[in-house]
Amino acid sequence: MISVARTAARTACARTVCLLVLALLLGACASRTPLTDDLSRHGFSEHGSAENGSAGPSVIELTDVPFHPQRRYQCGPAALATVLEYAGHPADVAQLRDRVYVPARRGSLQPEMRAAVRDYGLLPLAHPADMRMLASNLAQGYPVLVMQNLGFERLPIWHYAVVVGIDLEAGNVILRSGTQQRETLSLKRFERSWARAAHWGMTLHAPDAVPAHATEQTWLQAAAPFEQTGSPGVAEVAYSAALERWPQSFHAQMGLGNVQYQRGRFDDAEVAFRRATTLDAAHPAGWHNLAWALIRQQRFSDAEAPARQAAAMAADESSRYRSALEALQAQHPSAGNE
């Protein structure tokens, strides 16, 4: 029911009785809640932008989010099953427990939680420490899986829950939590418990749908692991979606080219890497990868110029960015010579 961990990256579960005692103690603790104050003062935008000051509705609740009661030491799998099912991927809590639960820690580790999400072809996107954005994401239909510290900084009680609603009029946040299908906490109490867990949270997304709260960095960080997990197709879709959102993104362009190269589509990779060199001509990676895409097409003479460019920009002769030129020189000793 309750998650317990030694650090914010690992969680386990404790007994409900501990919560009842600590809830009384925490009720007497006062601390600053700047995120809640900002949300109460300015409201939130339904489209995830707080810049224009346009507020969305004061009450939002995703009532159709499913509920999986959390048994002892299983708050992670239960919360994960909740958001997966809402995203259209019904998941068995018992199977998720085998996937993410670490008996030695008596809980679920965050890397395993994210990896389990990727098993379903979804991107686990890190959520910012922003209550207005949290409310906006709910307005857009995204429940937020969060971790809370229901104890103290020196005596933590870590717990996974799913935020499904915010009521600004009542000053409450609504969660699927523990054995309660609809738990309400005051916004300030929720913020304090969330802050003590370093504001950890994530939302789940299809690779072709970049949400409003995504940044270029968080989206690419969520997409990159698919290159190494046997799902390059998911990575390619995610990188393409990133380029629609951030057309000047050098890293998204490189990621797209890398996946196409990995899949043996060297002509497509060539196009992607050429585009990357126009976005950041000072980065040797674009020239180096372009050279390799041309080499794989056996266009050795065309590969010579970008290979030489990458090598010239490399920090030292042992740099990996010299490998394309070295490969050309091995086949044609005169290649690359001034």
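Residues are numbered from 1 along each chain as its sequence is written, and side-chain values use heavy atoms, without hydrogens or water. Because the model is predicted, local features need pLDDT of at least 70 and side-chain atom pairs count only at pLDDT 80 or more, while totals for chains, interfaces and linings use all residues.

The structure holds three aromatic pairs. Rings of Phe, Tyr and Trp (its six-membered ring) pair if their centres lie within 6.5 Å; planes under 30 degrees apart count as stacked, over 60 as edge-to-face and the rest as tilted. One of the pairs is formed by Tyr-160 and Trp-200, with 5.7 Å centre to centre and 65° between the planes, and is edge-to-face. Tyr-160 belongs to strand β6 (residues 158-167) and Trp-200 to the loop between α7 (187-195) and β9 (201-205), so this pair ties together parts that are 40 residues apart in sequence. Helices (H or I, at least four residues) and strands (E, at least two) are DSSP runs, numbered from the N terminus. Tyr-160 is buried, with a relative accessible area of 0%, and Trp-200 is buried at 13%. Buried means under 20% relative accessible area, exposed over 50%, and partly exposed in between (1.4 Å probe, protein chains only).

Another pair is that of Tyr-261 and Phe-266, which is edge-to-face because the ring centres are 5.1 Å apart and the planes lie at 70°. Tyr-261 is partly exposed at 23% relative accessibility, and Phe-266 is partly exposed with a relative accessible area of 23%.

In helix α8 (residues 216-223), the residues Thr-218, Trp-219, Leu-220, Ala-222 and Ala-223 are buried. The buried residues of α8 pack against β4 (123-126), β9, α9 (232-245) and α10 (250-262). Contact means heavy atoms within 4.5 Å.

Asn-289 lies in helix α12 (residues 284-296) and is buried, at 16% relative accessibility. Its side chain makes a polar contact of 3.0 Å with that of Asn-258 and one of 3.1 Å with that of His-288. A polar contact is a pair of N or O atoms within 3.5 Å; within protein, one must be able to donate a hydrogen and the other to accept it, and residues adjacent in sequence count only if both atoms are side-chain atoms. Beyond neighbours within four places in sequence, Asn-289 is in contact with Met-254, Asn-258 and Phe-273.

His-89 sits in the loop between α3 (75-86) and α4 (93-100) and is partly exposed, at 25% relative accessibility.
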